Every structure is written in structure tokens, then in C-alpha cells.
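Open the model in your viewer and have the sequence panel ready. The tour goes from one selection to the next.

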Amino acid sequence: MKVAVGSSNGYSVNQHFGQCDRFIIYEIDEEGLYVQSENRKIGSPASLNGHEQNRLNAVAESLADCSYVLVGRIGPGAAGVLHKQGITALAVEAPIEQALGRLLTFLQSRQGAILK
């Protein structure tokens with residue numbers, strides 16, 4: 001499973017989805033071990049005038065191989081576009097390792113095992 005993380009400093013989940021021009025991609029294996037696999041440049045989903053549907057769709061398509069997106073904040077419109085692509089967006093502000101740990105704990109409690 002892949003998780004895209006919006007971070008301005010590589011340490012914390014701290015960026016608003018609309019301000020992300022890149023995402024740190026983590027791969028999580030069946031045992032819950034995760035590793036940073038890439039730094040994906042996607043271009044900003046928002047312009048100076050706010051979100052544009054074409055940009056949101058392009059970002060969602062570029063993250064289509066990810067199951068989750070962790071960002072500091074995200075609006076309902078952007079979350080909805082990601083959801084249509086099969087991606088769950090979660091707003092969290094925490095160190096990346098802590099945020100990934102929380103996600104894994106949630107998934108384990110919900111399913112009893114890590115997603116395959």
C-alpha cells in the first residue's frame with residue numbers, strides 16, 4: 001500500500017493539500033513496515049484563484065496508486081475528488097512517523113491486519 005504525505009520539510013505532515021506541489025510517497029508492507037520510496041512532484045492543485053477542477057483531477061490521477069493522502073488540511077471538494085479516485089484523504093498535523101503509526105494502528109484495529 002502507498003501513502004502520499006504533504007510535507008514542506010520532510011519531517012512533519014504540515015501542508016495544506018492545495019499548496020502541495022510534491023508528495024513524499026511511503027510504501028507500507030503487510031507487516032506494517034514502511035519506507036520512503038519517492039518524492040513525487042505533481043504541480044500545485046490550486047492556482048491563485050483557488051482550486052480548478054482540471055488541476056484537482058490531474059493531481060488525483062497522479063496519486064492514483066496511493067491508498068491514502070496525509071496532509072495538514074484539505075477542503076471537502078479536494079477530498080471528494082480524491083475519494084472518486086479511490087484515495088482516502090486524512091487531515092493530520094504531526095511528525096510523519098507518528099502520522100503513519102496512527103494510520104497503521106487505525107487500519108489494524110479496523111481490519112485486524114495490515115492491508116494487503
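**A hairpin and its salt bridges**

Select Tyr 26 first: its bridge partner in β4 is Gln 36. This is a predicted model. Now widen the selection to strand β3 (residues 22–28) and strand β4 (residues 34–41), which run antiparallel and are joined by seven bridges. Five residues lie between the strands of this hairpin, and Gly 32 has a positive phi near 90 degrees.

Next, show charged side chains. The structure holds four salt bridges.

Go to Asp 21 and Lys 41, a salt bridge whose closest N and O atoms are 3.9 Å apart. Asp 21 sits in the loop between β2 (12–13) and β3, while Lys 41 is in strand β4, 20 residues away. Asp 21 is partly exposed, at 34% relative accessible area; Lys 41 is exposed, at 67%.

Move to Arg 40 and Asp 65, whose side chains meet in a salt bridge (2.8 Å, N to O). Arg 40 belongs to strand β4 and Asp 65 to the loop between α1 and β7, so this pair ties together parts 25 residues apart in sequence. Arg 40 is buried, with a relative accessible area of 12%, whereas Asp 65 is partly exposed, with 37%.

Lys 2 lies in strand β1 (residues 2–5), 63 residues from Asp 65.

Finally, select Lys 2, Glu 38, Arg 40 and Asp 65 together; salt bridges with shared partners join them into one network.

Technical notes: Residues numbered from 1 in each chain as written. Predicted model: local features only at pLDDT ≥ 70, side-chain atom pairs only at ≥ 80, totals over all residues. Heavy atoms only, no water. Pairing = 2+ DSSP bridges. Helix = DSSP H or I, 4+ residues; strand = E, 2+ residues; numbered from the N terminus. Buried < 20%, exposed > 50% of the residue type's maximum accessible area, 1.4 Å probe, protein only.
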